[in-house]
Amino acid sequence: MIEISNLTKRYGSINAIHNLNFSVKKGEIIGFLGPNGAGKTTTMKIITGFMAPTSGSVKIAGFDVFENPIEVKKRIGYLPETPPLYSDMLVKDYLRYVAQIKGLPSSQIEPGVARAIEKANLGQVQKRLIGNLSKGFRQRVGVAQALVHNPDVLILDEPTVGLDPKQVIEIRNLIKELSGDHTVVLSTHVLPEVTATCQRIIIINKGEIAAEDTFEGLSKRMTSTRRFYVKIRRTGDFEAQVKKIVGVKGIRPGTAGNSYEVELDKNDDSNEMLAEAIVKSGAGLMEFRSIDVSLEDIFLKLTTTDVAQQGATL
Amino acid sequence: MTKILYIANRDFKSYFTGLVAYVAAGLFMMLMSWMFFNVFVYFANNQYQMMAQGNHQSFSLNEYVFAPHFSNVNVILLIMIPALTMRLFAEERKNRTLDLLMTSPLTAGQIVAGKFIAGLGIVWTIIGTLALYPIVTSFFGHFDKGPILTTFLGLGLLTSVYVAIGIFASSLTESAIIAFIVAFVIEMFFWVIGWAGASMESAMGQTVFNYLSIVGHYADFTKGIIDTSGVIYYVSMAFFFCFLSQRVLESARWR
Ligand SMILES: Nc1ncnc2c1ncn2[C@@H]1O[C@H](COP(=O)(O)OP(=O)(O)OP(=O)(O)O)[C@@H](O)[C@H]1O
Ligand SMILES: [Mg+2]
């Protein structure tokens, strides 16, 4: 449904995103996870046709965003970081207007508006002026405007920001409900947000994809094992010797000559034993360092506490 | 086309949800009535003096009342229209609602056209109140209806240029105040160009500058002349500034 290839965006000399490649299948929900300034919003602005990339291409349902922007935009519902709301309009009038400019046939406008109001749970405020709504309700109107024309693809930039715990859970449930019929990309820097809603996670850091996996896959990589880069002078039967060490899960040749990647149980004892064994083996240790650090660093920068959970324990 | 009207409809209505439309119309009518009163009193005094001197030839209402009155309108429009159009794009930028328009299946041209119709709609609604003066006057005085009609045609064309300039200025910035100033400066430029023409030495230069002047053509319309070159001038100026706004919107994607 979404095909992104070699996407790069530079703001002057700042490289906001660099050579992104990923695709999203129909009906999938993916979480776009990354610390502040990682390039999530930039990527989303390009996918929605709001902004042109410096290079690379985006295809939605087979249409190129820049060759066929109108076709692409018909199929996308977009909730930007700041919901695009007219404070002088009533909620319902606003949603009707969005449905109109999204090109919904006139017979489908009222049903579309009604459905969006129902899904975003806006029934009680539909006749209120948007300018008088609380932040949480405004965010929900933002979600509703993205849904109103029943688009194939939903691009949601931090959809639960500013909501209270109950509302966060509501919006997440809404997003989960949307999967199947809709393809959803949502961005966040809250780790539990993606675990609660997404089937697949793309971790982006400093404009590049750092990892792409299911949450289970990622957390396995994060928690159970650790990989080390080892460089020695004399190979001999080094591989066989290392395999015998307790805690070692695997070893394979690394990129440079005489180097290896060793996968190891994640605990300090195994760590120590591996280091000791290598030194004692007489292979001539040159270099020994952890290579999963980058992913860990990113996770450290993410918000790991969740408003929804906080709410539950209050 | 329907999408253009949807945009125009929303923007037009939003003039009335705030007090903007009422305040603008109220001020406009007050000023215009006061000005009409002044030209009329001036006219009546002159007429009275002539009669006192035993001269029964009467002044023409067209020439001494409506022509000056309708050229006064132009000065007010010079300020009122930038004030009415300044928010059309600037506000959408500031509130990030432009993001909605830019990610909807609309072309930049459709967005500009919608704004143009909304701006022209509110301006024409307000200048429509000017019809009151000739209508009321017609109950007790005789005058030629032709020049009044051509004046309205001229006003319609003239205001479309001001609205297009206002929209262009508004597309450049997210500050309504800056949009107002930029629009005013561009309008002034096309006024002053006429004065520059008058002080030109070469006949060629004079014709060119007079042609580019926004005021000169309008004066013809108030005299009852439908000047085709004026019509062409106004239409192409309006089109040109709408085109520039469309370019500005398009280029926003590339920043
Ligand atoms: N208009 C702009 N001009 C210059 N630099 C920009 C602009 N917009 C974004 N950037 C830069 O591009 C990088 C990526 O920004 P982006 O907004 O995409 O990050 P993000 O992942 O959405 O972050 P956040 O979680 O804070 O929303 C940042 O370094 C940012 O400073
Ligand atoms: Mg962002």
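Q: Hi! How many residues surround ligand 1, and which are the closest?
A: Hello! In this predicted model, 13 residues surround ligand 1. The closest are G37(A), K40(A), T41(A), T42(A) and E81(A).

Q: What does the backbone of G37(A) do there?
A: A backbone N or O atom of G37(A) sits 2.8 Å from an oxygen atom of ligand 1.

Q: And what about A38(A) and G39(A)?
A: For A38(A), a polar backbone atom is 3.2 Å from an oxygen atom of ligand 1. For G39(A), the distance from a backbone N or O atom to an oxygen atom of the ligand is 2.9 Å.

Q: How much of ligand 1 does the protein cover?
A: On its own, ligand 1 has 630 Å² of accessible area, and the protein covers 64% of that.

Q: Which elements give two or more residues to the shell?
A: Those are β2 (14–24) and α1 (40–47), both in chain A. The largest share comes from α1(A), with 3 residues.

Q: Where is N19(A), and is it buried or partly exposed?
A: N19(A) lies in strand β2 of chain A. Its relative accessibility is 39%, so N19(A) counts as partly exposed, since that class runs between 20% and 50%.

Q: What about phi of E158(A)?
A: Phi of E158(A) is also positive, near 50°, and this residue is not a glycine either. E158(A) is in the loop between β7 (153–157) and α6 (165–178) of chain A.

Q: Is E158(A) buried or exposed, and why?
A: E158(A) is buried, because its relative accessible area is 13% and buried means under 20%.

Q: Over to chain B. What span should helix α3 have, and how far apart are its ends?
A: Helix α3 of chain B covers residues 61–85, which is 25 residues. At 1.5 Å a residue it should span 36 Å, and its end C-alpha atoms are 34 Å apart, so the two agree.

Q: Where does α3(B) bend?
A: The bend in α3(B) is at L77(B), and its angle is about 35°.

Definitions and conventions
Residues are numbered from 1 along each chain as its sequence is written. Chains are lettered from A and ligands numbered from 1 in the order in which they are written. This is a predicted model: local features need pLDDT of at least 70, side-chain atom pairs count only at pLDDT 80 or more; totals for chains, interfaces and linings use all residues. Side-chain values use heavy atoms; hydrogens and water are left out. A residue is near a molecule or strand if one of its heavy atoms lies within 4 Å of it. A polar contact is a pair of N or O atoms within 3.5 Å; within protein, one must be able to donate a hydrogen and the other to accept it, and residues adjacent in sequence count only if both atoms are side-chain atoms. Accessible areas come from the Shrake-Rupley method with a 1.4 Å probe; for residues, only the protein chains shown count as cover. Helices (H or I, at least four residues) and strands (E, at least two) are DSSP runs, numbered from the N terminus. Buried means under 20% relative accessible area, exposed over 50%, partly exposed in between (1.4 Å probe, protein chains only). The expected span of a helix is 1.5 Å times one less than its number of residues. The bend at a residue is the angle between axes fitted to the seven residues ending there and the seven starting there.
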